[in-house]
Amino acid sequence: MASGRGGEAVAGSPINVAVPLASTYHADGARSYGREGNAVWDALEEVLGALEGGRGLVFASGLAAIAAVLETLPVGAVVVAPEDAYLGTRGLLADLASRDRLRVRLVDIADTPATLAACDGADLLWCESPTNPMMAIADLGALCGGARALGVPVVVDNTFATPLLQRPLELGADVVVHSVTKFLAGHSDLVMGATVTADPDRWEALRQHRSLHGAVAGPLEAFLALRGVRTLPVRLDRAQANAAELARRLAAHPGVSRVRYPGQADHPGHDLAARQMDGFGAMLSFEVHGGAPVADAVCGAVRLCVHATSLGGVETLLERRHRWEGEEATPPGLVRVSVGIEDVEDLWSDLEAALGVAAGLG
Ligand SMILES: Cc1ncc(COP(=O)(O)O)c(C=O)c1O
């Protein structure tokens, strides 16, 4: 069992792994230079690997982990990816495609037959489930099985679900990527990413890429992330219970036209998510009557929830995603909510009041 403590218990030694604030090490030892690794990465990688069922590698950010996976593909490789994948993933894919580095086929990842049809002749299937921010659910088992039959490796961005709710490697994926920044670290105080794979060759290719391209995490950030992961189960339990309750109440609110939360029985991916996940998570999106101005007014009127981008922290964050360049396909009135661990009645009072203020303006 991975303790994340970075070594054997020795009487009188600290129970936490020591943070090596060192770029270099005395010569001729097990370690030589900070870009190659350190004891805190080892401990965090051990924990992430154990949670996902593979071997972990930490990167400077989630996007650095995503870039490492994409950059280890050959030039001209064909990548099948969700049309509503995380904005940064789509941006990176578009950038690589614009320089003929990769070719990209965008699909509706919830449509398994169409996605597998697009995998014919492809070199990689990129999955995200639930997707950010549309909350679509991909059938990861069916996609991994179908892609494997076509000889196409599968990568899953598991940031929204976390390994506590979904373990893609068990479902047949080859690599899992994470924005550790989000739920794993959990306190909105650092930026970090990770890959996990059970394939030793892929692990070594990604490790080499990290060393050569230098997208490395700081040891202090890794220590904070390790501390965050220790409370992930309790944070997630609370946040996901809050999310389920807020989704239920938002769905019944007259100012709300649609709620996207896989735990809601009317979500198109509800049954699949119930089979595939060990919980529906702490992310939800909702749309308001009146579109963008009303959604902006909701975001401007909250007092407890925080109007900010990002997700996965202990505090509830919300934002209208369409405001970002590249989110044109997201409904203009869609508000994404990363539900935190506050008292659910306080959260609902805040949201209900903000919806009331917004309805008055709309
Ligand atoms: C699903 C998902 N994957 C990856 C990332 C990128 O992670 P980072 O911001 O740590 O680079 C994000 C960031 O929002 C995300 O939401």
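Let's start in a loop. Pro130 lies in the loop between strand S4 (124–128) and H5. Helices (H or I, at least four residues) and strands (E, at least two) are DSSP runs, numbered from the N terminus. The bond between Ser129 and Pro130 is a cis peptide bond, with omega about -5°. Pro133 sits in that loop between S4 and H5 too. The peptide bond from Asn132 to Pro133 is also cis, omega near 5°.

One caution before I go on. This is a predicted model: local features need pLDDT of at least 70, side-chain atom pairs count only at pLDDT 80 or more, and totals for chains, interfaces and linings use all residues. Residues are numbered from 1 along each chain as its sequence is written.

Asp100 is not a glycine, yet its phi is positive, about 60°. Asp100 is in the loop between H3 and S3. As background, most residues other than glycine have a negative phi, and most peptide bonds are trans.

Now the layout. The protein chain is assigned domain 1 (39–230) and domain 2 (232–361); the bounds come from an automatic or database domain assignment.

In contact are 28 residues of domain 1 and 33 residues of domain 2. Contact means that the C-beta atoms, placed from the backbone, lie within 7 Å. On the domain 1 side, H3, helix H5 (140–149), helix H6 (162–165) and helix H8 (219–230) each supply at least two residues. By class, that side of domain 1 has 16 nonpolar, 8 polar and 4 charged residues. Ala, Val, Leu, Ile, Met, Phe, Trp, Tyr, Cys and Pro count as nonpolar, Asp, Glu, Lys and Arg as charged, and the others, Gly among them, as polar.

Next, the sheets. There is an open sheet of 7 strands, order S1-S7-S6-S5-S4-S2-S3, with mixed pairing. Two strands pair if DSSP finds at least two bridges between them. Strand S1 (55–59) and S3 are the edge strands, each pairing on one side only. Neighbouring strands here are turned by 20° against each other on average, direction ignored. For angles, axes are lines fitted to C-alpha atoms, for helices over the stretch in contact; angles run from 0 to 180 degrees between N-to-C directions.

Look at one pair. Strand S2 (residues 77–82) and strand S3 (residues 102–107) run parallel, joined by 6 bridges. The chain goes from S2 through helix H3 (residues 87–98) to S3, a right-handed β-α-β crossover. Right-handed means that, with the strands pointing away from the viewer, the path from the first strand over the helix to the second runs clockwise. Val78 is opposite Arg103 in S3.

A second open sheet has 5 strands, ordered S8-S9-S12-S11-S10, again with mixed pairing. Strand S8 (256–260) and strand S10 (306–307) each have a single partner strand, so one side of each is left without a neighbour in the sheet. Helix H9 (residues 232–251) lies across S8 and strand S9 (283–288), at about 150° to S8. Helix H11 (residues 291–301) packs on the sheet and touches S9, S10, S11 and S12.

Methods
Contact = placed C-beta atoms within 7 Å.
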